[in-house]
Amino acid sequence: MSIIRPYGDTTGDGMVQMSFTLPIPHDKRAEGAAVQLANKMGMDPALVVHAKPMGPDFTFFVVYGPVNHLVDTSKVEVVERDYPLLSPKEANLAIRKHLRRRLTVVGACIGTDAHTVGIDAIMNIKGFAGEKGLEYYRELKVVNLGAQVAVPELVRRAKAEKADAILVSQVVTQREAHVLNTKEMSAAFREAYAEDHRPVLVAGGPRFTEQMAGELGVDRVFGRGTTPGEVASYLVNALVTRRQPVRRSA
Amino acid sequence: MKKLDLDPVTVRKARTLARKAGRPIVNLARRHTTVSVERAVLRLAGLAGADSEGIPWVNRLADTVRADVGLEHGFALPVWDALLRGEAEDLGVLAQKAASGSVTFRLPEGRDAQRARTAARKAAAAGIKRIDGRRRERERLIKRHGDPEQRPWIYLIVATGDIYEDIPQAQAAAREGADIIAVIRSTGQSLLDYVPEGATREGFAGTYATQENFRLMRAALDESSRELGRYVRLTNYASGLCMPEIATLAGLERLDMMLNDSMYGILFRDINPIRTFVDQRFSRQIHARAGIIINTGEDNYLTTADAVEAAHTVTVSQLLNEYFAKEAGLEDWQLGLGHAFEINPDLPDSFRLELAHAMLARQLFPEAPLKWMPPTRHMTGDVFRGYLLDGFFNLVGAMTGQGILLVGMMTEAVVTPWISDRDLALQNVRYVLGAAGNLHEDFRPEPNGFIAQRARQVLGESVELLEQIVDDGLLNAIGDGTFGLMKRPQDAGRGLEGVARKSGEYYNPAIELLEEDR
């Protein structure tokens with residue numbers, strides 16, 4: 001069945017919960033305003049189950065109700081994984097067999113971003129979600145430059161290390177910093193390298209979506225919840241298994 | 001409040017080892033100076049403002065002095081020698097002339113040097129007197145408005161990037177119950193080798209620390225303190241390449257707490273270790289004098305290393321921070337030693353482990369206002385689960401008598417906090433403190449139970465690690481990745497070019513004054 005509705009406690013009831021704040025004092029009119037907003041979002045009838053003043057000028061609402069929208073799952077667009085998931089052992093074997101040298105990965109948090117939690121989860125041996133990080137892979141040479149790395153420095157280190165792949169992580173999203181930084185990075189690499197010698201560029205961060213690769217000028221984007229194994233498998237597929245580093249049209 | 005049966009011999013041994021590990025670092029710090037320490041002296045002497053490009057006059061002056069005579073003698077002698085030679089009537093004019101290249105500096109000798117020393121000392125003393133005045137002013141205001149009724153004090157973060165947005169948010173947060181407002185800095189600031197100038201409205205994930213921003217926010221919170229009948233404290237960050245200058249500005253503008261960790265910049269910002277330790281020592285001397293409570297950053301280790309496996313690295317860092325702080329003149333009440341609720345909640349007994357670690361910190365540092373930091377690493381975006389986790393975090397805070405509680409947001413890792421996130425978070429804190437704030441009166445862990453044993457184990461591992469550090473040298477331990485898994489060699493890292501070994505002629509009036517009055 002490709003047409004579905006949200007599920008509360010009965011199939012097809014369409015029940016949804018949401019919370020939001022309106023910039024008005026709490027009174028009956030404010031609750032009416034909350035209902036009006038919910039109605040316009042397709043929730044009808046809307047039940048304001050909780051309204052609380054937050055200081056003199058704001059009111060917080062929790063609203064429950066059925067939404068009248070239908071979802072067609074056959075029309076959902078996603079980027080399906082187009083490479084096989086490999087275990088660390090399989091990834092190592094593939095690199096050893098086909099590349100006959102270690103594959104070098106340089107990672108960094110670029111620009112002003114100081115949040116290394118993403119890049120560390122992927123690169124540190126410790127890993128994430130029960131999977132060991134890239135440092136655990138014998139055939140990967142991992143260089144983690146850490147936080148607040150300037151783009152020219154990243155390019156310099158990439159050349160010095162003869163990097164096969166670049167991983168950058170961006171967490172801070174204020175004023176679109178993650179997008180601007182990543183675009184700057186991809187532009188710099190495209191300028192510094194001939195296209196067929198350029199390392200594979202990978203961007204990751206919780207606020208990226210996989211569809212953004214083209215906009216960002218990178219080969220691949222990994223979003224929230226990505227595990228080290230997925231990144232390693234992608235790299236092996238892009239750089240080793242397909243032999244000639246395949247440059248995705250992005 | 002001795003609830004854990006810790007072996008006093010082991011505790012003493014841990015402190016002795018921390019002293020042994022730290023002393024060579026202090027000696028190293030005393031042998032070196034940095035551009036930022038020297039600029040802080042100029043700021044103490046009253047040099048402020050920036051040129052039309054926004055470069056502070058202290059940097060303009062410092063760069064010229066360094067080009068003419070080097071960094072190793074300190075800047076006080078050449079600068080006040082130039083003033084005594086009549087090159088300019090004050091520091092401001094001297095800085096302008098230096099920037100335009102119309103003055104040459106020299107290292108004075110003999111009587112000229114003596115006269116320059118006297119003049120520099122007088123100028124620095126005026127700055128320290130202003131800091132002393134600010135400290136007395138704080139004491140007066142606390143007397144008038146009072147301290148918060150409860151412990152822990154409730155610490156909330158404001159971070160819009162725009163000081164004029166921060167102010168109403170901070171005042172609203174104070175009204176909602178915050179006792180301490182921290183203005184997070186723009187992410188890039190720690191790596192700037194100058195302190196931006198003036199009121200700022202542009203920042204990434206935070207607001208620049210500037211003297212004017214400090215002044216504006218302190219004035220706004222003074223207003224809130226009057227309105228609310230309790231003194232609302234203001235926090236900022238003395239870290240990064242300009243730590244000594246920012247500490248000085250904090251003292252001059254009556255900030256109340258400063259984030260100031262002995263190793264954070266090295267580990268998490270890749271700032272050169274020697275630069276950091278030199279800057280650290282000076283900034284802590286200023287904080288000691290200004291009556292500022294420092295907050296250390298041990299929570300950060302647990303965001304990169306595992307919170308159970310690395311629990312002892314937190315204890316070791318707390319002991320080192322304590323040693324460095326006291327050596328610089330800080331007293332126990334000024335040590336907001338950090339630790340955090342970062343154990344994987346899926347781990348069996350995770351809450352008991354958290355309790356054990358928090359109680360260990362409480363008992364090792366009974367007089368320090370420990371700073372208790374909320375979960376971040378295991379906040380997944382499931383805001384409902386996050387809210388529960390924050391509740392348990394608050395409960396540990398209440399049960400173990402923490403001094404400063406940084407309020408956790410259920411939207412951690414999702415968005416910068418919304419107004420409703422803050423309100424819900426404060427409700428969470430109020431509920432837990434109201435319902436269980438006095439639970440520590442009844443709560444005694446079994447003498448040989450899980451919690452007590454775990455605390456003893458962590459203390460034991462801390463002693464082992466300290467022994468290794470003493471054998472190996474702290475700088476080598478940092479180079480090897482002992483803390484937060486970060487490897488930082490002493491001959492690399494940012495800001496190294498701003499470090500010099502002191503010459504025989506070196507003179508720094510501020511350090512002289514800060515050390516002799518103790």
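Seven bridges link strand 3 (residues 47-54) of chain A to strand 4 (58-66) of chain A, and the two run antiparallel. Strands here, like helices, are DSSP runs numbered from the N terminus (E, at least two residues, for strands; H or I, at least four, for helices), and two strands pair if DSSP finds at least two bridges between them. This is a predicted model, in which local features need pLDDT of at least 70 and side-chain atom pairs count only at pLDDT 80 or more, while totals for chains, interfaces and linings use all residues. Residues are numbered from 1 along each chain as its sequence is written, and chains are lettered from A and ligands numbered from 1 in the order in which they are written.

Within this pair of strands, A:Val48 is found opposite A:Val63 of strand 4. The hairpin that the two strands make has three residues between them, and A:Gly55 there adopts a positive phi near 70°. On strand 4 of chain A there is also an antiparallel pairing with strand 2 of chain A, over eight bridges; in this pairing A:Thr21 faces A:Phe60 of strand 4.

Together these elements form an open, antiparallel sheet of three strands in the order 2-4-3 (chain A). Strand 2 and strand 3 of chain A each have a single partner strand, so one side of each has no neighbour in the sheet. From one strand to the next, the twist averages 10°. Helix 1 (residues 28-40) of chain A lies across strand 2, strand 3 and strand 4 of chain A and runs at about 130° to strand 3 of chain A. Such angles run from 0 to 180 degrees between N-to-C directions, with axes fitted as lines to C-alpha atoms, for helices over the stretch in contact.

A second sheet in chain A is built in another way. Five strands form this open sheet in the order 7-6-8-9-10 (chain A), with parallel pairing. At its edges are strand 7 (140-144) and strand 10 (220-222) of chain A, each of which pairs on one side only. The twist averages 20° from one strand to the next. Strand 9 (residues 200-204) of chain A joins strand 10 of chain A in the parallel sense through three bridges, and A:Gly204 has A:Phe222 of strand 10 as its bridge partner.

What does chain A look like as a whole? Chain A holds seven helices and 10 strands. Its radius of gyration, taken over C-alpha atoms, is 23 Å, well over the 18 Å that the globule rule (2.2 Å times the number of residues to the power 0.38) gives for 250 residues, so chain A is more spread out than a compact globule. The assignment, automatic or from a database, divides chain A into domain 1 (3-72) and domain 2 (88-241). Their centres, taken over C-alpha atoms, are 41 Å apart.

Chain A also meets a partner. In all, 22 residues of chain A are in contact (C-beta atoms, placed from the backbone, within 7 Å) with 24 residues of chain B. Strand 2 (15-22), strand 4 (58-66) and helix 3 (117-123) of chain A each supply at least two residues of the side that touches chain B. By class, this side of chain A has nine nonpolar residues (Ala, Val, Leu, Ile, Met, Phe, Trp, Tyr, Cys and Pro count as such), five charged ones (Asp, Glu, Lys and Arg) and eight polar ones (the others, Gly among them).

How values were computed. Two residues are in contact if their C-beta atoms, placed from the backbone, lie within 7 Å.
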